Every structure is written in structure tokens, then in C-alpha cells.
Amino acid sequence: MLDHGGRLRAAAQRYGIAVADWLDLSTGIAPYGWPLPAIPESVWQRLPEPDDGLEALARDYYGAAALLPVAGSQAAIQALPRLRRPGLRVAVLAPAYAEHAEAWRREGHLVQELGEGALDRSLDRFDVVLVVNPNNPTGRLIERERLLDWHTRLAARGGWLLVDEAFMDCTPEHSLAAYSQRPGLIVLRSFGKFFGLAGIRLGFALAEEGLLEQLAAQLGPWAVSGPARAVAAALLADVEGQQRQRECLRVDGLRLAVLLSEHGLAPAGGTALFQLVGHYQAVGLHGYFARRGILLRLFAEIRCLRFGLPGDEAGWQRLEQALKDMPR
Ligand SMILES: Cc1ncc(COP(=O)(O)O)c(C=O)c1O
């Protein structure tokens, strides 16, 4: 199992600080969201049914012709490599969310991680290309035309371009959702991050119908729980709430970038939901913040720290104070 942010209980044990006393900035998940709708008892009691309206609401929200709800985009990340015969040459635009490379390796494919220029030059050597856009953790956003060009080159040989848009909700104008019915283009969306509900374990795969049918068969029946479907349907229908959330996250994302810059930690990149800071003492700084009960995500191998958003004013003040007191 790979390491991820959000392991608050483990941090509490390691640093001897009670779980309730932490400011958890280790994930890129919105720290606030919606008052949740009441879930009718029948939704708990009955099996989830695919004609409850969720898919139509999601198609509207993402702007896709066809999609499949999955138990977190992670479920699709793990299942997609099983839809192709083993031994494919797979390129992952790196650094990126590590689960993609791991999932393809696990299923017997030949995975190579490479940077943008190298990928562009060697694209024609690969059968499958994986891009996280905007990228986690770097925040780098690749323009749509470039991705569509990559897709055309891959699809001409029966290849796939898989675009993970887990952090796209604040910049929907850059999404490839509208093109996802093209054979060989698969777009993944994560529900929990923007809506601030990571615990719901919901995501969507956007692609042509035939591929979605194969993916559905791979995942089996009732892959997403009825309560998750009910909550998501209510939030996907709330266009005004989505606009409010987008605005709040954009403002807070900017506030975080400015705050870090003011204290000598200018971000190397980021999205509305997180900022990435490179620092030669990233490991030491991670420990400094953790001892003050502020959990960050450490990327030791690239000497970077990822900061998520504080959820309230007290959290912002606490982060600011820790930045002020930081050893120089
Ligand atoms: C880039 C990226 N893709 C996908 C996921 C999986 O998210 P989920 O399974 O909650 O949709 C994550 C989780 O952090 C992520 O960072």
C-alpha cells in the first residue's frame, strides 16, 4: 500500500498529540462543504438502483455524454489496467499521484515515468499514457489542445489517454469531459475533493459506452452505496452551491499561496485546493509543523511539502503563527 495524506491517527500517535488537536493540511480535500441532505430510511434499507437520477445529474455537472459512478476514482484507477492484456507500454507523466503507476505495474504492464518534454517526444512508443491534470502534487495544468493531440496520436494505434481530473472542479473550462466519448479517451473525476466529502468514496469514469460497460462488469454490481448516491445527487443538483464552493476555494487557494510566499515559502505550483512548496529542508520543516500539530504532506524524494487549505479562521491563524515562528 502506498503512503498518502490524511493519516491523522498515525500522526497523533507518533507525535503524542490528540487527534482533535491537529490542523490537518495533509490532503487536497476541501475542508468545508454542504449541509448534508437527510437520507430516507428506504435508501439505507434497499439496494442502490441505477435509475435514481444520479448519472443524469453527473452528466450535466461534468458535461460528459456517458459516465459510470465508481467507489472513488481510485476504484477505476485499479480496475482500468485489467481491461487491457498485460504487457502494454505505459507512460506516466511524473511526478504524479502514485497510484496510477502502481496499478498498471501490478497488472503486469511496463510502466515508465517521465517528464512532459520526454513524453511528448516519445509518445509514439507507448500504448497508454496517464496524465493527472491539474497535477497532484505539482499543480501543473496541461492545456487541452496538447492533450487532445496526444489522444489522437494514441487512439490512432488503439492506445489510451487516461486523464485524471481529480482536482479539476475549480477550473472546469480546462476539462476534457466534453471529449470523453472519443474512443481511447478516459477521464476520471473524484467527487470527494471539491465537495469536501472524501469519506463518501465516490468518483466517476467518463468514457465511451463500450468501455464503461467493461469497467462496470469489472467492478461488479452495487459498486457505489445508496446513501453515497443520494447525497451526491443532491449536491450535483445544487448549481448555486457549487458556484459558492468554487468561489470560496479559489479565494482560499489564493490566500494560501500569498500567505506562504510572505513567509519565504513561495509555492512552486498548486491548485485552489493545495499548494506545493519546494524546500531543501522539507523533511525538517515537516517535523517542525507536525510538532505544532499541523500535519502537512511530505514528498521527501522531491523535497517538497504540500499544504492543504485550513477550514476556518482559527486554522488560518494557527498556520500563520507557525509560519512566523518557523526556524530560518
Ligand atoms: C490525483 C488523484 N486522483 C485520484 C485520487 C483518488 O481519489 P478518490 O478515490 O477519492 O476519488 C486521488 C486521491 O487523493 C488523487 O490525488
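The model is predicted, so local features need pLDDT of at least 70 and side-chain atom pairs count only at pLDDT 80 or more, while totals for chains, interfaces and linings use all residues. Residues are numbered from 1 along each chain as its sequence is written.

The protein has a radius of gyration of 20 Å, which agrees with the value near 20 Å for a compact globule of 328 residues. This radius is taken over C-alpha atoms, and the globule rule is 2.2 Å times the number of residues to the power 0.38. Along the principal axes, the C-alpha trace spans about 55 × 55 × 35 Å.

The secondary structure comprises 13 helices and 13 strands, which are DSSP runs numbered from the N terminus (helices: H or I, at least four residues; strands: E, at least two). Seven strands form an open sheet with mixed pairing, in the order β2-β8-β7-β6-β5-β3-β4; two strands pair if DSSP finds at least two bridges between them. At the edges stand β2 (67-70) and β4 (110-114), each with a single partner strand, so one side of each has no neighbour in the sheet. Within the sheet, β5 (residues 128-132) and β6 (residues 160-164) are parallel and share five bridges. V132 stands opposite D164 in β6.
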